[in-house]
Amino acid sequence: MLVESLIKETVELQGFRVATVEQTGKGLEAELMSDERYVPRCGRCGGRALYRDTRSTRRFRHVPLWGIDVYLIYAPRRVVCKHCGGVHVELLPWVSGKRQFTRALMVALATWARVLTWEQVAGLFHCSWSTVATAVDEAVAYGLAHRDLSEVSHIGIDEISRKRGHVYVTNVYDLNSRRLLWSGEGRTKETLEGFFDWFGEQHTERLEGVCCDMWQPYADVVKARAPKAVLVFDKFHIVQHLTKAVDQVRRDEIREKGQTHKELMTKTRYIWLKNPWNLTDKQRGRLGELEQLNLKINRAYLLKEAFREFWSYSCPGWAIRYLDKWFWWATHSRLQPMRDFAWMLRRHQKDLLNYFKMPISNGIVEGLNNKAKVKSCPIQDEHGARGVSRAR
Ligand SMILES: [Zn+2]
């Protein structure tokens, strides 16, 4: 197979042809020519247009072949467009916008960026980190512009904080396909209203379930805009609230008891917050010692562990009976953060029980978090809930 054929296989070339392929000091350079059988198309509207003049040569990076860099070389034409008026650069089907790399390379970079760090991808493809970043942004934008919304029945709403908790972004995911549907700045009522405005009434009608944090602004908007959908509070967010409460008890106790206690408590934070089966042998031993001391943190820990049972019920009737018991323990624990958490559950109790009707959760939301390593393994939680993977 000729290199020419490989290029035709991987690049959208309608209206163009490969004139020559040469090996130079830079790698393989394939020169493209316009195919005279086709009329040039306007780069702005895609309509047929009239040739005006030819611009200087441009180089486009393509997917490397067996480690050899590949470039497409082409001198774009300018055309006069009668549809949108004016003079524009012609449409180049292998590239989007004014990019220096082909769509095929963009897809390759974005695909690898799901499993490798961006530095590793940049190294593998001999390009800069910022090229990988641009490719990922483009791929996300392309995915957002080409999604089919008619199949969306269950959505997950998740907020991500950027810049250490000062700037929030609200992301909405399709829980079945685990795709990002929409993203908006902020985490207010208005933010989520923006999603429903965009999503439209027709698609909202088809929504069966909406999963989100116990965050009043979100809950209010979901109930007002999608009254037929079941509102489910995301299990992972609830566990996060509970873990925060336990950590608050630990901090308060250190503050109350002073220096000696502080020394006793050093490096115990993860012992209290981790799942017991994830503890190392050393940590487990330490937990055993600490449990003898009748500390507040230990009471909080036991409450946290007991709460797990709540999720294990298959019928809401038993779950509520258990929740009532747990609520009594927590509110009589003389631990303010645990009481606050218990009361938060009570305020949202009706919706909280929807989980047992429809066990959906946001799981671990897909890594579209821009700056970090991007992982994308869809994970089911231990109760088989549908989920999407989350980047943290
Ligand atoms: Zn046009």
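**Stop one: a helix pair**

Select helix H5 (residues 189-199) and helix H7 (residues 216-225): they pack at an angle of about 35°, with axes 9 Å apart. Axes here are lines fitted to C-alpha atoms, for helices over the stretch in contact, and angles run from 0 to 180 degrees between N-to-C directions. Helices (H or I, at least four residues) and strands (E, at least two) are DSSP runs, numbered from the N terminus. Show side chains for Lys189, Leu192, Glu193 and Phe196 of H5, and for Pro217, Tyr218, Asp220, Val221 and Arg225 of H7, which make the contact. Two residues are in contact if their C-beta atoms, placed from the backbone, lie within 7 Å.

Before moving on, a word on ground rules. This is a predicted model, where local features need pLDDT of at least 70, side-chain atom pairs count only at pLDDT 80 or more, and totals for chains, interfaces and linings use all residues. Residues are numbered from 1 along each chain as its sequence is written.

**Stop two: the whole chain**

Zoom out. The protein chain has 16 helices and 12 strands, and its C-alpha atoms fill a box of roughly 85 × 50 × 35 Å along the principal axes. Colour by domain: domain 1 (1-94), domain 2 (101-146), domain 3 (154-234) and domain 4 (236-357), with bounds that come from an automatic or database domain assignment.

**Stop three: where domain 1 meets domain 2**

The C-alpha centres of domain 1 and domain 2 lie 21 Å apart. Their contact takes 10 residues from domain 1 and nine residues from domain 2. On the domain 1 side, pick strand S4 (58-65) and strand S5 (68-74), the elements giving two or more residues; S4 gives the most, with five residues.

Now click the loop between S4 and S5, where Trp66 lies. Trp66 has a positive phi of about 45° although it is not a glycine. Is Trp66 buried or exposed? Trp66 counts as exposed because it has 5 other C-beta atoms within 10 Å (20 or more is buried, 12 or fewer exposed, in between partly exposed, with C-beta atoms placed from the backbone).

For another positive phi in a residue other than glycine, go to His126, near 50°. His126 is found in the loop between helix H3 (118-124) and helix H4 (129-145) and is partly exposed, with 13 other C-beta atoms within 10 Å.

**Stop four: the cores**

Head inside. The largest nonpolar core has 45 residues, and Ile155, Ile157, Val210, Ala300 and Met338 have the most contacts inside it. This core draws at least three residues from each of domain 3 and domain 4. A nonpolar core is a set of buried Ala, Val, Leu, Ile, Met, Phe, Trp, Tyr and Cys residues joined through C-beta atoms within 7 Å. Centre on Val210: leaving out residues up to four places away in sequence, it touches Ile155, Ile157, Val222, Ala226, Ala229, Leu231 and Val232.

**Last stop: Leu242**

Finish in helix H8 (residues 235-257), which holds Leu242. Leu242 is buried, with 23 other C-beta atoms within 10 Å. Beyond its neighbours within four places in sequence, Leu242 is in contact with Lys304, Phe307 and Phe341.
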